[in-house]
Amino acid sequence: MLIRIPAVLSASQVAHMRGQLASAEWVDGRATAGAQSASTKRNLQVPEDTPAARALGDMILAALGQNERFMSATLALRVFPPLFNRYDPGMNFGAHVDNAIRLVKPSLGTGAPIRIRTDMSATLFLTDPGEYDGGELVVEDTFGSHSVKLVAGDLVLYSATSRHHVATVTRGSRWSSFFWIQSMVRDEAARNMLFDLDTAIQGLRKQVGDTAQVVSLTGLYHNLVRRWAEA
Ligand code: NI
């Protein structure tokens, strides 16, 4: 399932990030790739432990924490500190599946790194489609190939189990933030059903208010989360 989360960042937040990233240090993106994906990865990234990257990453985490659609779609237990990448003309990322486990480096003195199981992958677009040609995120699932190119500030969530690639940029530059989510609900089918149920209940609430039936369905939703979630 591909889920679009519109307007995670406002236009002014996007402008602020782009201003900071314009003067950031950019290194070869293979720094964070696994062995298979390193052979097909051609892009640039901001090193994950630079203060600039961490400050921008924290802004994104704060925005996600207030985003009901993101929380409902992911039921996030942990979110990987957001990373930043960039594709200039000729750059791309060939077909790969993301690593199952990611380590979050401990900040000084906090001991062992934290492990995140990557249940969902996220791309937050920081450049608009008109600013570059190519550069589509192409995600393959059981329903076929899906090409994604969103306006700046919008985010796409997709299953981390899926094969995906980024098409070659042929003009301009494509900037984005990317990260992974470990969900409290590991089973993808269960997680998707909970999202559909929550979305339907929220829509119904808007139409009819908190009727006894809506309260009952909301209770059912929470009881299913209780049954399936590991917190
Ligand atoms: Ni990937």
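**Close-up views of a predicted model**

**View 1. Asn92 and its surroundings.** The side chain of Asn92 makes a polar contact with the side chain of Thr168 at 2.9 Å, a polar contact being a pair of N or O atoms within 3.5 Å in which, within protein, one must be able to donate a hydrogen and the other to accept it, and residues adjacent in sequence count only if both atoms are side-chain atoms. This is a predicted model, in which local features need pLDDT of at least 70 and side-chain atom pairs count only at pLDDT 80 or more, while totals for chains, interfaces and linings use all residues. Residues are numbered from 1 along each chain as its sequence is written, and side-chain values use heavy atoms, with hydrogens and water left out. Asn92 belongs to strand E7 (residues 92–96), where helices (H or I, at least four residues) and strands (E, at least two) are DSSP runs numbered from the N terminus. Beyond its neighbours within four places in sequence, Asn92 is in contact with residues including Thr40, Arg42, Tyr87 and Val166, contact meaning heavy atoms within 4.5 Å.

**View 2. The salt bridge of Asp154 and Arg4.** Asp154 forms a salt bridge with Arg4, and their closest N and O atoms are 2.5 Å apart; the term requires a side-chain nitrogen of Lys or Arg within 4 Å of a carboxyl oxygen of Asp or Glu. The pair links distant parts of the chain, 150 residues apart, with Asp154 in the loop between strand E13 (144–148) and strand E14 (155–159) and Arg4 in strand E1 (residues 3–5). Asp154 is buried at 4% relative accessibility, whereas Arg4 is partly exposed at 44%.

**View 3. The salt bridge of Glu131 and Arg18.** Here the side chains of Glu131 and Arg18 meet in a salt bridge at 2.8 Å, N to O. Glu131 lies in the loop between strand E10 (120–125) and strand E11 (132–134), and Arg18, 113 residues apart from it, lies in helix H1 (residues 11–22). Glu131 is partly exposed at 29% relative accessibility, and Arg18 is partly exposed at 26%.

**View 4. The salt bridge of Asp49 and Lys105.** The side chains of Asp49 and Lys105 form a salt bridge with an N to O distance of 3.4 Å. Asp49 is exposed, with a relative accessible area of 51%, and Lys105 is exposed at 51% relative accessibility.

Key:
Buried < 20%, exposed > 50% of the residue type's maximum accessible area, 1.4 Å probe, protein only.
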